[in-house]
Amino acid sequence: MITLVLGGARSGKSAYAEKIIEDLGGGTYLATSRVWDAEMAERVQIHQARRNDLWHTIEEPVAIHDIIANTDKPLLADCLTLWLSNLMEMEADIDQETEQLCRALKMAKQDIVLVSNEVGLGIVPDNALARKFRDLAGKINQTVAQTADRVIFVAAGLPLIMKE
Amino acid sequence: MITLVLGGARSGKSAYAEKIIEDLGGGTYLATSRVWDAEMAERVQIHQARRNDLWHTIEEPVAIHDIIANTDKPLLADCLTLWLSNLMEMEADIDQETEQLCRALKMAKQDIVLVSNEVGLGIVPDNALARKFRDLAGKINQTVAQTADRVIFVAAGLPLIMKE
Amino acid sequence: MITLVLGGARSGKSAYAEKIIEDLGGGTYLATSRVWDAEMAERVQIHQARRNDLWHTIEEPVAIHDIIANTDKPLLADCLTLWLSNLMEMEADIDQETEQLCRALKMAKQDIVLVSNEVGLGIVPDNALARKFRDLAGKINQTVAQTADRVIFVAAGLPLIMKE
């Protein structure tokens, strides 16, 4: 089963997603984050401290589809929004990468949970890059939501089932 | 039936709203957007490319109520947020315009779908105009939601029924 | 019963929360806002104009837990987001204050409604203070949501039950 967990910053979406995999006995934690400053380092540390020996961590900023194809345990990919950042930095073809991800999801045998940020519910950002980012993030969420068997929106740590 | 479709940027709200009217056999597409730059032109083109011959397009940045009163086919107004931008630019009386819109909605014989952005779920914007905009957008959404028979929140292309 | 009412700017969350207490015959209105400029003054006035003689208003920017412990009528605290602003300005220990609030909520005999903003659904803010604020606001919402018996998300004036 493919699950997309959507939510805002500090919505509890990662903890909620981790719980799904832990209830399955644990699995692979695929971290897409690149640690580029102290703030990010602290954030990563908070996430790591929460995870226990139910988890095997893989750091992969870009090729999520490869990890999906080459592992067989339940997998949590956290998160698609940072994955998009990494792709944009590389000037990758986002549509193609998203398609590749969805193809891997459809062929996956293991349970997969993907975490993603909803970033489009504020005022239009002043700068063009931020606007482009939120457009692409929204498109990725739509495409992955279509592929997913289940979509859950999390706010204040509480789930709202949007698709199942 | 009057339907309000709410959502963030790139949430799939327009496509969702279009589907409602297409399921009724098509109708009038009321575009409130003013094309003021290349980014906007591209956005309009994406929307247009998706629509087919089920649609008759009318461009009207301000007088939505007039179009509602003078057409009889199912109508999609996309979107109230750009309509508000246009009204603010003209220094129009927003309360009065909203009232006029709601009066037209109540008297309408045809099915109507209105699309609007939810813009109030981010951090308080730095500049006063953006704060005023999101206040007014929120008020319009509340008022139109009260008049509507059905309100649907869309995220990642998926609907969440808020009123029906 | 402890109720958390979450929503964006101008979502109708305060009016919705007030209605809950008014349906109980009215009670204490705990205003956490500090009036620091004309915009804020206007905002407070709009809120006050809506409230009637069912209400007894107390202004307390910080010690919500004290007011909870020392009153016995139904109470509306509006809002936790401004409360957080006040705490940050004082450089208070936010975790400790949140814990103190939750302890008071658990011991409360009266019905309590708390209003809070969801601020994490936009683009990552440019400035570090805004990022810290939205992180803390998200954490407070999660913690209070866990303590609450009922959590309601409000958009366009309409409720979405997230916990009950």
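Predicted model: local features only at pLDDT ≥ 70, side-chain atom pairs only at ≥ 80, totals over all residues.
**Notebook: chains A, B and C**

I began with chains C and B, where about 1,700 Å² is buried between the two, 64% of it given by carbon and sulfur atoms. On the chain C side, I noted that C:R10, C:A156 and C:L158 lose the most area to chain B, and together they make up 35% of what that side buries.

**Entry: contacts of C with B**

I looked up the contacts next: 24 residues of chain C touch 19 residues of chain B. How many salt bridges cross this interface? I found one. Its partners are B:D135 and C:R10, with N and O 3.6 Å apart. With a cut-off of 4 Å between a side-chain nitrogen of Lys or Arg and a carboxyl oxygen of Asp or Glu, the pair qualifies. C:R10 was already on my list of residues that lose the most area to chain B.

I also counted polar contacts between chain C and chain B, and there are five residue pairs, both members at pLDDT 80 or more. Which elements of chain C give two or more residues to the side that touches chain B? They are α2 (38-50), α6 (128-147), β6 (150-155) and β7 (158-163). I sorted the residues of that side into twelve nonpolar, seven polar and five charged.

**Entry: B with A**

I then turned to chain B and chain A. Here 24 residues of chain B are in contact with 19 residues of chain A, and the buried area is about 1,700 Å². In chain B, the residues that lose the most area to chain A are B:R10, B:A156 and B:L158, with 35% of that side's buried area between them. One salt bridge turned up across this interface: A:D135 with B:R10, the closest N and O atoms 3.6 Å apart. Five residue pairs are in polar contact here.

**Entry: symmetry**

How is chain C related to chain B? I laid chain C on chain B by a turn of 120 degrees and a shift of 0.0 Å along the axis, and the RMSD came out at 0.0 Å. That is the relation of a three-fold axis. In chain C, the C-alpha nearest the axis belongs to C:G122, 2.5 Å away from it.

**Entry: aromatic pairs**

I searched the whole structure and got three aromatic pairs over all chains. For B:Y29 and B:W55, the ring centres are 5.8 Å apart and the planes stand at 85 degrees, so I logged the pair as edge-to-face. The pair links distant parts of the chain, with B:Y29 in strand β2 (residues 27-31) and B:W55 in strand β3 (residues 55-59), 26 residues apart.

How values were computed
Residues numbered from 1 in each chain as written. Chains lettered and ligands numbered in written order. Heavy atoms only, no water. Least-squares fit on C-alpha atoms with pLDDT ≥ 70 in both. Contact = heavy atoms within 4.5 Å. Buried area = accessible area lost by both parts, 1.4 Å probe. Polar contact = N/O pair within 3.5 Å; in protein donor to acceptor, adjacent residues only side chain to side chain. Phe/Tyr/Trp six-rings, centres within 6.5 Å; stacked < 30°, edge-to-face > 60°. Helix = DSSP H or I, 4+ residues; strand = E, 2+ residues; numbered from the N terminus. Nonpolar A, V, L, I, M, F, W, Y, C, P; charged D, E, K, R; others polar.
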